[in-house]
Amino acid sequence: MGIIKQCFTQIVMLVTLAMGIWCVYTLIHAVCDIFKIGQKQEKQRRLICYGGFLASAFLAYGCMVWSKHYSVDSFNVMYDMSPFWHMQLGRYTNCGTILWAQFLGLNQVISQQLFMMLWIIVLATTMWVIYYSIMDLSGPMTLTGKLLTAGAVVLSFVNVFTMELMLFPEMAMVLLLGNLALGLSVRSALEENGWKKWVASAVSLSIALGCYQSYIGIYEAFVLAGIYLKFREQPQKRYQQSVIALMVGGGVSLFNVVLVKVLLKAGFIADSGRGASISWEVIQSNIRELILYQLKFWTNADGILPEAGMLLIGIVTLIGLVVIFVKAKGGEERLFLAVMLTAAYGLGYAPHLIESRIDLSPRSNVAIWAVIAVVWILAVIVFFQDSKPIVRKWSNVLVASVIMVQILTMQDMAANEQAMNAIDILEADQIANKIEQYEEETGNTVSKIAITYDQNPTIYQEQSRYRHSQLGVRIMVTDYSNYRLISSRVNRELQKTDMPDEIFQQYFSEKDWNELNVEEQVFCEDDVAYVAVY
């Protein structure tokens with residue numbers, strides 16, 4: 001069985017290499033297509049536009065390049081990147097990427113700043129490709145219309161929900177292929193070359209969903225919007241292409257689910273406990289959770305934005321919807337728009353619909369910004385660019401203000417997380433110093449660590465401005481990462497072991513601390529350090 005699994009690992013790596021080659025080939029094709037326009041000035045403008053997207057991405061996420069950040073998972077990943085755990089979740093692209101990183105001696109946490117820089121470049125490329133996929137279908141547009149459309153595309157990827165995802169810095173490496181493939185899948189779907197475009201789109205989309213399943217919502221939002229713009233005057237063609245787009249998305253999603261089930265049945269991967277379930281009871285329960293979750297989303301962005309901030313975005317989006325439906329040509333077009341936007345919004349949460357153990361967090365909303373962006377883009381194309389100059393001016397001011405609020409909040413989130421990291425690291429340093437002091441005094445070498453908790457462990461850092469989901473959670477209270485954090489501070493890997501009942505009863509039973517006291521919470525004996533976390 002060991003040989004079979006080794007062969008399976010090699011196959012995953014080869015397939016991932018093929019994915020990378022496909023993305024490079026498709027990217028070259030997309031870039032050539034974007035620059036095929038004859039005028040030199042237009043080519044220069046398109047290159048400058050890429051610079052604008054790169055600047056916006058770097059302005060938002062560049063702080064993650066200048067200094068390291070750590071999530072509750074990071075120190076565990078530092079010692080064990082667990083590629084096949086990603087495969088258990090249907091993220092086969094991530095699995096192959098990590099296998100190649102291990103082969104090359106790279107670590108996704110230790111080298112996070114390099115991968116974050118590469119991810120920012122990839123993100124700018126994705127926004128640029130999607131932007132011109134839409135622009136090439138929209139016809140002549142004023143400068144104001146172009147700026148508004150670009151701003152809406154930026155908001156699809158530069159937002160607080162994506163930042164919450166990237167505050168898991170270990171994700172930067174594994175998102176590289178998926179992010180790039182996402183933009184390429186949209187571009188392919190909106191090309192002219194018949195059935196071949198759908199094959200190319202499906203291949204790229206399978207790479208993207210093998211990275212992060214929520215990308216299905218972003219894909220469908222932009223592809224359906226592009227189809228609407230492309231075939232606005234041809235209802236039959238519009239419906240035909242939209243059905244194909246939904247079938248491609250559904251087929252690739254089904255492939256993702258079936259692949260995990262097959263590999264699980266064959267014994268190549270273990271059950272994560274978070275896989276897909278088609279049980280009607282589970283789906284009903286998840287639908288209820290998702291409906292209730294909308295209130296949290298539209299009031300304060302699930303605890304991230306000020307309440308007025310998300311309400312304002314909701315009002316602007318509602319205005320955009322009214323404009324679109326008023327300007328639509330008849331009942332048929334209004335019906336199409338209603339179905340299109342509802343489908344895109346619902347597909348943004350589709351992975352959670354069949355999740356066996358639903359876990360909603362701010363990053364669950366990464367695709368919803370694309371739906372909001374599509375509403376704004378369509379409103380711009382059908383109304384705002386031909387409106388009075390004062391309307392266009394204030395529309396630009398509004399979009400720029402929303403982007404600025406997003407970026408400022410993102411910077412605050414990153415700064416907050418780094419400050420909370422410092423507290424965890426400081427406490428780990430104090431524990432490491434206690435261990436080293438014991439070793440100097442006794443001559444023993446500590447190689448194992450047992451960790452327990454007091455009666456009321458503090459889950460969130462009290463000083464954190466964000467205390468929701470994993471934001472603000474103490475690494476020291478995370479059982480799969482705290483011992484790894486301490487290991488990193490003593491510069492050797494400590495083996496986790498169980499806390500003996502007699503040690504617990506003698507030193508830690510019925511205790512309830514509010515801060516670290518190493519004299520009371522750390523005890524060493526022989527080669528084991530016993531730690532109680534407050």
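**Reading a helix, a pocket and the cavities**

Author: In the lining of the largest cavity, α9 gives the most, with 3 residues. The model is a predicted one.

Reader: How many cavities does the structure hold, at 30 Å³ or more?

Author: The general idea is that rolling a probe the size of a water molecule over the atoms shows where empty space is left. In this structure there are 4 cavities of 30 Å³ or more. The largest cavity holds about 70 Å³ of space.

Reader: Which elements give two or more residues to the lining of the largest cavity?

Author: They are α7, α8, α9, α10 (171-189) and α12 (215-230). Among the lining residues are Trp-119, Phe-157, Met-166, Tyr-215 and Val-366. The lining divides into 9 nonpolar residues, 3 polar and no charged.

Reader: What lines the second largest cavity?

Author: Ser-71, Val-72, Glu-164, Leu-167, Phe-168, Glu-417, Gln-470 and Leu-471 line that cavity, which holds about 50 Å³ of space. Its lining has 4 nonpolar, 2 polar and 2 charged residues.

Reader: Now a helix. Which residues of α2 are buried?

Author: The general idea is that an α-helix has 3.6 residues a turn, so residues three or four places apart point the same way. Helix α2 covers residues 40-61 and reaches 32 Å from its first C-alpha to its last. Its buried residues are Glu-42, Arg-46, Cys-49, Tyr-50, Phe-53, Ser-56, Ala-57, Ala-60 and Tyr-61. Seen down the axis of α2, these residues fall within an arc of 120°, so they line one face of the helix.

Reader: What does the buried side of α2 pack against, and which exposed residues does the face turned away from it carry?

Author: The buried residues pack against α1 (2-34), α3 (63-66), α7 (112-138), α8 (143-157), α9 (160-166) and α19 (389-442). The face turned away carries the exposed residues Lys-40, Gln-41, Leu-47, Ile-48 and Leu-59.

Reader: Which element gives the largest share of the lining of the second largest pocket?

Author: That is α2, with 9 residues. The pocket has a volume of about 610 Å³. Of its 28 lining residues, the closest to the centre are Cys-49, Tyr-131, Lys-146, Leu-147 and Ala-150. The elements giving two or more residues are α2, α7, α8 and α19. By kind, the lining has 18 nonpolar, 5 polar and 5 charged residues.

Reader: Is Lys-434 buried or exposed?

Author: Buried means under 20% relative accessible area. Lys-434, in helix α19, counts as buried because its relative accessibility is 19%. Leaving aside residues up to four places away in sequence, Lys-434 touches Val-518, Glu-519 and Val-522.

Technical notes:
Residues are numbered from 1 along each chain as its sequence is written. This is a predicted model: local features need pLDDT of at least 70, side-chain atom pairs count only at pLDDT 80 or more; totals for chains, interfaces and linings use all residues. Side-chain values use heavy atoms; hydrogens and water are left out. Helices (H or I, at least four residues) and strands (E, at least two) are DSSP runs, numbered from the N terminus. The expected span of a helix is 1.5 Å times one less than its number of residues. Buried means under 20% relative accessible area, exposed over 50%, partly exposed in between (1.4 Å probe, protein chains only). The arc is that of the directions from the helix axis to the C-beta atoms. Contact means heavy atoms within 4.5 Å. On a 1 Å grid over the protein atoms alone, a cavity is a set of points where a 1.4 Å probe fits but cannot get out, and a pocket is an open set with protein on both sides within 12 Å along at least five of seven lines; lining residues have an atom within 4 Å of a point. Grid points are joined across faces, edges and corners, and a volume is the space filled by probe spheres set on the points. Ala, Val, Leu, Ile, Met, Phe, Trp, Tyr, Cys and Pro count as nonpolar, Asp, Glu, Lys and Arg as charged, and the others, Gly among them, as polar.
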